[in-house]
Amino acid sequence: YYNGRGQAGDYNENALPVDLMHLLAGDMAGLAQHYLFAGTRFDIGGIVNVALFGLGNLTDCSAMVLPTLGYDPTDNITIEVGSQIGVGDRDKTEYGGVYPNLLLTVTGYF
């Protein structure tokens, strides 16, 4: 992914408040220019699935790792447990300062 509004090198402290405003307003998807997203998902027995996705900031070498475990007890209900784990320098990278969190999602279809 290429973000034309993002910064090509180290984040400029003078431009950072403006970039954060664009980020929060939805005008841009990240602080840097170059990103890579990749992932995979495996179904086990048609009821359980395991997924691992990652979003990498190629400018500052940080990443967001997104593991997920899903369970489909019926055709109409999906239960997922996942996490978001930031990897990188806490003070100098986009994703390194993100605190890990755990997610529980229950979805019903009708």
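Predicted model: local features only at pLDDT ≥ 70, side-chain atom pairs only at ≥ 80, totals over all residues.
Which side chain of opposite charge is nearest to Asp-60, and how far away is it? Residues are numbered from 1 along each chain as its sequence is written, and side-chain values use heavy atoms, with hydrogens and water left out.

Five strands form an open sheet in the order 1-2-3-4-5, with antiparallel pairing; strands here are DSSP runs of E with at least two residues, numbered from the N terminus, and two of them pair if DSSP finds at least two bridges between them. At the edges are strand 1 (35–44) and strand 5 (101–108), each of which pairs on one side only.

Going through the pairs, strand 1 is joined to strand 2 (residues 48–57) by 10 bridges, and Tyr-35 has Asn-57 in strand 2 as its bridge partner. The hairpin of these two strands has three residues between them, and there Gly-45 takes a positive phi near 70°. Strand 2 also pairs with strand 3, again in the antiparallel sense, over 10 bridges, with Gly-56 opposite Ala-63. Strand 3 (residues 62–74) then pairs with strand 4 (residues 77–87) over eight bridges, and in this pair Gly-70 stands opposite Glu-80.

Now back to Asp-60, which lies in the loop between strand 2 and strand 3. Asp-60 is buried and yet has no salt bridge, since the nearest side chain of opposite charge, Lys-92, is 11 Å away. Buried means under 20% relative accessible area, exposed over 50%, and partly exposed in between, with a 1.4 Å probe and protein chains only; a salt bridge needs a side-chain nitrogen of Lys or Arg within 4 Å of a carboxyl oxygen of Asp or Glu. What the side chain of Asp-60 does reach is the backbone nitrogen of Glu-94, at 2.7 Å.

Leaving aside residues up to four places away in sequence, Val-81 touches Pro-67, Thr-68, Leu-69, Leu-102, Leu-103 and Leu-104, where contact means heavy atoms within 4.5 Å.

Notes. Helix = DSSP H or I, 4+ residues; strand = E, 2+ residues; numbered from the N terminus. Lys, Arg positive; Asp, Glu negative; His and termini not counted. Polar contact = N/O pair within 3.5 Å; in protein donor to acceptor, adjacent residues only side chain to side chain.
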